[in-house]
Amino acid sequence: MLDKHPLSDAGPSLERNHADATTLEALRSDAESCRRCDLYRNATHLVFGDGPRNAEIVLVGEQPGDKEDLAGKPFVGPAGRLLDQCLEEAGIDRDRCYVTNAVKHFKYQMRGKKRLHARPNAGEMQRCAWWLGAELELLQPKLVVALGATAVSSLLGSKVRVMRDRGRILRPSGQVEILVTIHPSALLRIREPGEKEKSRLAFIRDLKKIRGFLRH
Ligand code: URA
């Protein structure tokens, strides 16, 4: 297939990592006291990755949302439910995947009493890339799935574009293979039912590419 594993640049999270922790539990505990950027100040919880230590697949989102910040777990809110449904339709068991984010604290703006998602900036993404890189070094997955633009920048740098490159599996030199796709929250924002369904099916088509990386 023409598109199988074209080389790509590695993003900040794939730079050589010198974390001391030798287990995910120890890494998580180190991350609890992270002060690399200011996002910890207003967050309720650090939201570290979650899933089996021997996962072959790692799914990477952007950052925790309101529900994830309160629960301290990734992808437990509306985007997470949609992700679960699409994974199921693609024939993939989420419980076999390790799920994490490019940025580990919730960034938001207050609108009245509501906490509205605010996109992490490049500096916040870059500082947090260190933790994602350390997770990946410990996990050594077969495939990483970059969900949306922030995960793509963290893993693959700024030359890869989600809408242009979605569905491709890229492999930065000497690194793990990375599937590029959209973030499930992009589907939540589409209002027109026909368009929404078309985009949902395209997302499931991308996710089906994970199956070739799972031992049966
Ligand atoms: N969106 C993300 O990118 N990650 C989460 O954990 C939840 C919503």
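Predicted model: local features only at pLDDT ≥ 70, side-chain atom pairs only at ≥ 80, totals over all residues.
**Exercise 1. Work out how strand 2 (residues 57-61) is covered, and which strands pair with it.**

Step 1: Start with burial. Five of the five residues of strand 2 are buried, so the strand is largely enclosed by the rest of the structure.

Step 2: Now take the two faces in turn. I57, L59 and G61 sit on one side, V58 and V60 sit on the other, and all are buried.

Step 3: Look for the neighbours. Strand 2 pairs with strand 3 (residues 97-101) in the parallel sense, over five bridges. Here V60 has T100 as its bridge partner.

Step 4: Do the other neighbour. Strand 6 (residues 143-147) also runs parallel to strand 2, and four bridges join them. In this pair, L59 stands opposite V145.

**Exercise 2. Which residues does the salt-bridge network around E56 join, and where do they lie?**

Step 1: Find the bridge to R96. E56 and R96 form a salt bridge, with their closest N and O atoms 3.6 Å apart. E56 is in the loop between helix 1 and strand 2, while R96 is in the loop between helix 3 (78-89) and strand 3, so the pair ties together parts that are 40 residues apart in sequence.

Step 2: Check how covered these two are. Buried means under 20% relative accessible area. E56 comes in at 8%, so it counts as buried, whereas R96 is partly exposed at 33%.

Step 3: Find the bridge to K142. E56 also forms a salt bridge with K142, and here the closest N and O atoms are 3.2 Å apart. This pair links distant parts of the chain: E56 in its loop between helix 1 and strand 2, and K142 in the loop between helix 4 and strand 6, 86 residues apart. K142 is partly exposed, with a relative accessible area of 38%.

Step 4: Salt bridges with shared partners join E56, R96, K142 and R215 into one network.

**Exercise 3. What parts of the chain does the salt bridge between E137 and R16 tie together?**

Step 1: Get the distance. The closest N and O atoms of E137 and R16 are 3.9 Å apart. A salt bridge needs them within 4 Å, and this pair forms one.

Step 2: E137 lies in helix 4 (residues 122-139) and R16 in the loop between strand 1 (4-8) and helix 1 (24-31), so the bridge ties together parts that are 121 residues apart in sequence.

Step 3: Compare the cover. E137 is partly exposed at 35%, and R16 is exposed at 64%.

**Exercise 4. Is helix 5 (residues 149-156) mostly covered or mostly open?**

Step 1: Count. Six of the eight residues in helix 5 are buried, so go with mostly covered.

Step 2: Name them. They are T150, A151, V152, S154, L155 and L156.

Step 3: Look just past the end of the helix. There, G157 takes a positive phi of about 80°.

**Exercise 5. Describe the hairpin of strand 7 and strand 8.**

Step 1: Find the direction. Strand 7 (residues 169-172) and strand 8 (residues 177-181) pair in the antiparallel sense, over two bridges.

Step 2: Pick a pair. I169 has L179 in strand 8 as its bridge partner.

Step 3: Check the turn. Four residues lie between the strands, and in this hairpin G174 takes a positive phi near 70°.

Terms used:
Residues numbered from 1 in each chain as written. Heavy atoms only, no water. Buried < 20%, exposed > 50% of the residue type's maximum accessible area, 1.4 Å probe, protein only. Pairing = 2+ DSSP bridges. Salt bridge = Lys/Arg side-chain N within 4 Å of Asp/Glu carboxyl O.
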